[in-house]
Amino acid sequence: MAMILNDDQVMLRDSARDFMTSEAPVSHMRKYRDMGCKDGFAHGLWKQFAEMGFTGILIPEADGGMGMGHVEAGIVLEEIGRNLTPSPFLTTAVAAVEALKAADKAMRDRWYPGILAGDAVISVAIDEAAKHRPEKINARAERSGNGFKISGAKQFVVQGASADMIIVAARTAGAAGETDGLTLFAVDKDSAGLSMDSARLVDSSMAAQVKLDGVEVTADAVIGDVDGGWSVLTRLLDAGRVGAAAEMVGVGSGAMDMTFGYLKQRKQFDRLIGEFQALQHRAAHLYGEMEAARSITLKAQNMLDEGHKHAEQYVAAAKAKAGLACNLAVREGVQMHGGMGMTDEYDIGLYMKRDRSLNEFFGDAWYHADRVAQMNGY
Amino acid sequence: MSDLETFRAEARAWLEENCPAEMRTPARSDDDVCWGGRNFVFQSEAQKQWMDRCAAKGYTVPDWPKAYGGAGLSAAETKVLRQEMARLGCRSPLNSFGIWMLGPALLKFGTEEQKVHYLNQIARGEIRWCQGYSEPGSGSDLVSMQTFGEDKGDHWVVNGQKIWTSYADKADWIFCLVRTDKTNKYQGISFLLFDMTTPGVTTKPILLISGSSPFCETFFDNVVVPKDQIVGELNRGWDVAKYLLGHEREMISGMGGDGGTSAIGGAFKEMLGEEPVLRAQMALFDVDNLAFRAHGERFMDEWKTGKAHPAYSNLMKYAGTELNKRRHELVMALGGSEALEWDSERTRGGAKPRAWLRTKANSIEGGTSEVMLNVVAKRILEMPGA
Ligand SMILES: Cc1cc2nc3c(=O)[nH]c(=O)nc-3n(C[C@H](O)[C@H](O)[C@H](O)COP(=O)(O)OP(=O)(O)OC[C@H]3O[C@@H](n4cnc5c(N)ncnc54)[C@H](O)[C@@H]3O)c2cc1C
């Protein structure tokens, strides 16, 4: 597959770019932050996403969606990143949709229409500790009657309190550390025994700590196979990871462009600060890192779309590289803005905060570099 | 079957038929690299056969037009041919500065006569070229170069000195920057070609830290160069020189993506359990290496479709060479004290430390990393200032 966007993809990018910059630029994010919005995003905007067709990008055509791939989802995510647009796109339209592809028709019919309409929000509950370690999942689902009883604690459930349904990864067999024996469940927000503690994160997005205290679900709530949830979870996670990488390419690019603009406008010592070679070299190096991140992300998206056997390694490398490059972009961004970079009024700091959350979401750069090493046999 | 798949099948069959078994084993050292030229000593009959057969088929320069010794392949076909060669493990039939550097410049700036003459010689591996750019006082600031060609009607008389001229002592001809107008810095340089056996040309090898002497000081003492041996217009050699540098940087950047840690060899894997910090460095290197390879792929796709920024090869050169230096630092760290041996049999004459030291030149030759960053900042990022 070519490493350049085709005409349709360029059109999608242009319309996503126009949409985000006019409907949900950084000022939109700031507004919702300042009013202390309990969702951390605007439901009205989620509806607009649906009208633009964005929410159905990954939903198969047979299910009423656009049937497009990770390259297309990534195009939208990059614009989301560039504008710091708060939305449930990554969790709902990317990670959850990808998992639901493994669900039976009844469940797909239950959730896809709401996603396509921009009504439904779905969260994913994977992590159980401060760091992302999906293989260590310890939440238990025990057979009970014709269904299951789930108990455990989850955290970093992004937009959990706003979700209509939460995809919960729990253990139906085996012990923490094993990839066999996991099962994914669709858990309704109103389920008895489900409780949540929501917190605002550094980037002003919302995430919940979720307690499952004997939550009863029927057998219909299982997504994929009982005990065979690892493959569905991998699919969900890879979609989420390459999606987060794409969003970070957007966040990093936004921060970088803003910084380069500042270098061409701010004067000190009677010169534009962009004339200083010390800053030029760092700028050029940063540009190279961001370009490499963009490239590996596109490569990983292509490979996922092709079902390539090494896709997982490239996704891990993309999440790691995009994380490192985006992090460099926001750090250089704040530094090169001087005192201005430390002010809340100026946007660069918002990019730094968003980067921190995205880097942590679905595993940080160190975790994924470690996975790359393992997949290379060391 | 698509045309491309038909071509793949044909290319594969041709390679299987024509590539000698010995040429399908990895090169063991620099000696296994075929450079061609009048004085080249072939390592084996197979090495010569392989070069000659490829030359006859146009496969030493597959994407050049047939009239100039190529096979006239499209970019897509060339890529397929390279994939098939890699699949069979074929060595490169012929390496040369003629192919990588002078060729592209001649294709763009040469006269029809020059193209037919010089390009065919390059394609057949008959003439080996060297590059006379740098001078003792002019490295990064190349345009300040002083080697002077005095106009004598139907020829120039060239006097001056070049330095760091790779393989000058082995090359047959030189493409050389010569000042033909002392009053104009940028538009006072001409791009001349001449035979290294011309009276007045002498070379003196320089020993490198890697222990080899691949490059020389090159002296010109009243060297006569006929007027038809100029590429491009008089005093406009800087345009040719810069265009050629673009290709050179692209070529050097390609070395960065040779392979990840898996290409370093498998033996180290067991020991890494005891070396968590080194293992982490390897993992981050692998991430960067995968990213660099994807970056190179994307760059080529954008280049072919005219979407790449004209100065982009400077960025690739910077990224690729810095990555390659990192790779060899890791090779040395993994090798530990065994990688220190300089000439023992079991280390194939200190292959690791010599290769490691050689890579330090990657970010100097063809323009330093600092100069690459200058160019990226100014031309791509459009940073202000002189
Ligand atoms: C292995 C090898 C092979 C070579 N082969 C050839 C060849 O075949 N033909 C040929 O003509 N030349 C060749 N060269 C020469 C090469 O092109 C020069 O070495 C290179 O351009 C740097 O010039 P210099 O050595 O004079 O270093 P200098 O220009 O003196 O640089 C010294 C240091 O100063 C830095 N510097 C210089 N200017 C700036 C600036 N504006 N901003 C920031 N930093 C700066 C450099 O980056 C470097 O770190 C070769 C070099 C090597 C190492």
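Tutor: In what follows, Ala, Val, Leu, Ile, Met, Phe, Trp, Tyr, Cys and Pro count as nonpolar, Asp, Glu, Lys and Arg as charged, and the others, Gly among them, as polar. The structure under discussion is a predicted model.

Student: How many cavities of 30 Å³ or more does a search of the whole structure find?

Tutor: Rolling a probe the size of a water molecule over the atoms shows where empty space is left. With the cut-off set at 30 Å³ or more, the number of cavities found in the whole structure is three.

Student: Which element gives the most to the lining of the largest cavity?

Tutor: The largest cavity contains about 360 Å³ of space. Of its 30 lining residues, Pro86(A), Gln159(A), Asp203(A), Ser205(A) and Arg354(A) are the closest to the centre. In chain A, α2 (26–34), α5 (89–100), β3 (147–158) and α10 (348–360) each supply at least two lining residues. With four residues, the element that gives the most is α10(A).

Student: What is the make-up by class of the lining of the largest cavity?

Tutor: The residues closest to the centre include Pro86(A), Asp203(A) and Arg354(A); of these residue types, Pro counts as nonpolar, and Asp and Arg as charged. Over the whole lining, the classes number 16 nonpolar, eight polar and six charged.

Student: Which helix provides the largest share of the lining of the second largest pocket?

Tutor: This pocket has a volume of about 840 Å³. Among its 33 lining residues, those nearest the centre are Arg13(A), Glu291(A), Arg294(A), Arg298(B) and Glu302(B), and by class the lining has 17 nonpolar, five polar and 11 charged residues. At least two residues each come from α1 (7–23), α4 (70–83), α7 (229–263) and α8 (277–306) of chain A and from α8 of chain B. The largest share, seven residues, is provided by α8(A).

Student: How far does helix α8 of chain B reach from its first C-alpha to its last?

Tutor: This helix covers residues 276–304, 29 residues in number, and is followed by Gly306(B), whose phi is positive, near 70°. At 1.5 Å a residue, the expected span is 42 Å, and the helix is close to that value, with a reach of 42 Å.

Student: At what angle do helices α9 and α11 of chain B pack?

Tutor: Two packed helices are described by the angle between their axes and the distance between the axes. Helix α9(B) passes α11(B) in a left-handed crossing, where the contacts involve Tyr312(B) and Leu315(B), among others, on α9(B) and residues including Met372(B) and Val376(B) on α11(B). The residues of this contact comprise eight nonpolar, three polar and two charged. The axes of α9 (312–335) and α11 (369–380) lie 9 Å apart, and the packing angle is about 145°.

Definitions and conventions: Residues are numbered from 1 along each chain as its sequence is written. Chains are lettered from A and ligands numbered from 1 in the order in which they are written. This is a predicted model: local features need pLDDT of at least 70, side-chain atom pairs count only at pLDDT 80 or more; totals for chains, interfaces and linings use all residues. Side-chain values use heavy atoms; hydrogens and water are left out. On a 1 Å grid over the protein atoms alone, a cavity is a set of points where a 1.4 Å probe fits but cannot get out, and a pocket is an open set with protein on both sides within 12 Å along at least five of seven lines; lining residues have an atom within 4 Å of a point. Grid points are joined across faces, edges and corners, and a volume is the space filled by probe spheres set on the points. The expected span of a helix is 1.5 Å times one less than its number of residues. Axes are lines fitted to C-alpha atoms, for helices over the stretch in contact, and angles run from 0 to 180 degrees between N-to-C directions. A crossing is left-handed if the near helix is turned anticlockwise from the far one by less than a right angle, and right-handed if clockwise. Contact means heavy atoms within 4.5 Å.
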